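Keep the structure open as you read.

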Amino acid sequence: MRKAKPKKRILLPDPKFHDVEVTRFVNNLMLQGQGKKSIAYSIFYDAIDLVGEKMKDSDKAPLDIWKTALENVTPQIEVKSRRIGGANFQVPTELRPERKVSVAMKNLIQFARKRSGHSMAEKLCAEIVAAYNSEGGAFKRKEDMHRMAEANKAFAHFRF
């Protein structure tokens with residue numbers, strides 16, 4: 001690399017739960033509010049409240065349910081296209097810890113947007129509950145990524 005690596009920006013914890021991971025999730029969610037963080041926060045907090053109402057019988061706190069859901073949709077491996085000798089190979093590569101989390105968050109938000117529902121908070125709530133129960137679009141995406149990596153395990157030696 002010619003240029004120096006850019007410095008990592010330090011995220012401030014969110015006002016309600018005092019968690020940096022929540023801020024990161026809200027930053028990814030912001031597309032919905034056209035760059036308005038307050039709208040993104042309100043969507044997230046409403047979704048967490050709805051998760052709390054839906055999962056009353058669970059002994060876990062709504063934020064813990066969200067964190068478990070995020071862990072359930074976090075992929076360990078992804079496939080990258082590599083061109084070697086005129087042929088394209090899908091080479092399985094392990095993900096860096098930061099990328100794992102960002103891919104999981106983006107998938108959760110993307111599949112929440114695709115869901116049917118009235119408000120984004122309701123859609124997000126439904127996707128979180130589905131991910132917590134190891135089902136739903138985001139969980140299926142993770143399973144597909146792992147299946148692709150498993151199928152192309154023979155090309156793992158092209159990694160570098």
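How many of the 13 residues of H5 are buried? The model is predicted, and in it 11 of the 13 are buried, so H5 is mostly covered, given that buried means under 20% relative accessible area.

Look at which residues these are. The buried set in H5 includes Met120, Leu124, Ile128 and Val129. Lys123 and Glu127 are buried too. What do they pack against? The buried residues of H5 pack against helices H1 (20-29), H2 (37-54), H3 (62-72) and H6 (137-151), and against H4.

Now check the geometry of H5. It covers residues 120-132. Just after H5, Ser134 has a positive phi of about 55°.

Move to H4, one of the packing partners of H5. H4 spans residues 97-114 and holds Ser102. Is Ser102 buried or exposed? Its relative accessible area is 15%, so Ser102 is buried, the cut-off being under 20%. The Ser102 side chain reaches the backbone oxygen of Arg99 at 3.0 Å.

Step back to the whole chain. It has six helices and two strands. From the N terminus, the order is α-α-α-β-β-α-α-α. The C-alpha atoms fill a box of roughly 55 × 40 × 25 Å along the principal axes. Of the 160 residues, 40% count as buried. Among contacts with a separation of 6 or more, 61% join residues 24 or more positions apart.

Last, the surface and charges. The accessible surface is about 10000 Å², with 52% belonging to carbon and sulfur atoms. The chain carries 31 positive and 19 negative charges, and their mean positions are 12 Å apart.

Technical notes
Residues are numbered from 1 along each chain as its sequence is written. This is a predicted model: local features need pLDDT of at least 70, side-chain atom pairs count only at pLDDT 80 or more; totals for chains, interfaces and linings use all residues. Side-chain values use heavy atoms; hydrogens and water are left out. Helices (H or I, at least four residues) and strands (E, at least two) are DSSP runs, numbered from the N terminus. Buried means under 20% relative accessible area, exposed over 50%, partly exposed in between (1.4 Å probe, protein chains only). A polar contact is a pair of N or O atoms within 3.5 Å; within protein, one must be able to donate a hydrogen and the other to accept it, and residues adjacent in sequence count only if both atoms are side-chain atoms. The expected span of a helix is 1.5 Å times one less than its number of residues. Contact means heavy atoms within 4.5 Å. Accessible areas come from the Shrake-Rupley method with a 1.4 Å probe; for residues, only the protein chains shown count as cover. Lys and Arg count as positive and Asp and Glu as negative; His and the chain ends are not counted. The place of a charge is taken as NZ of Lys, CZ of Arg, CG of Asp or CD of Glu.
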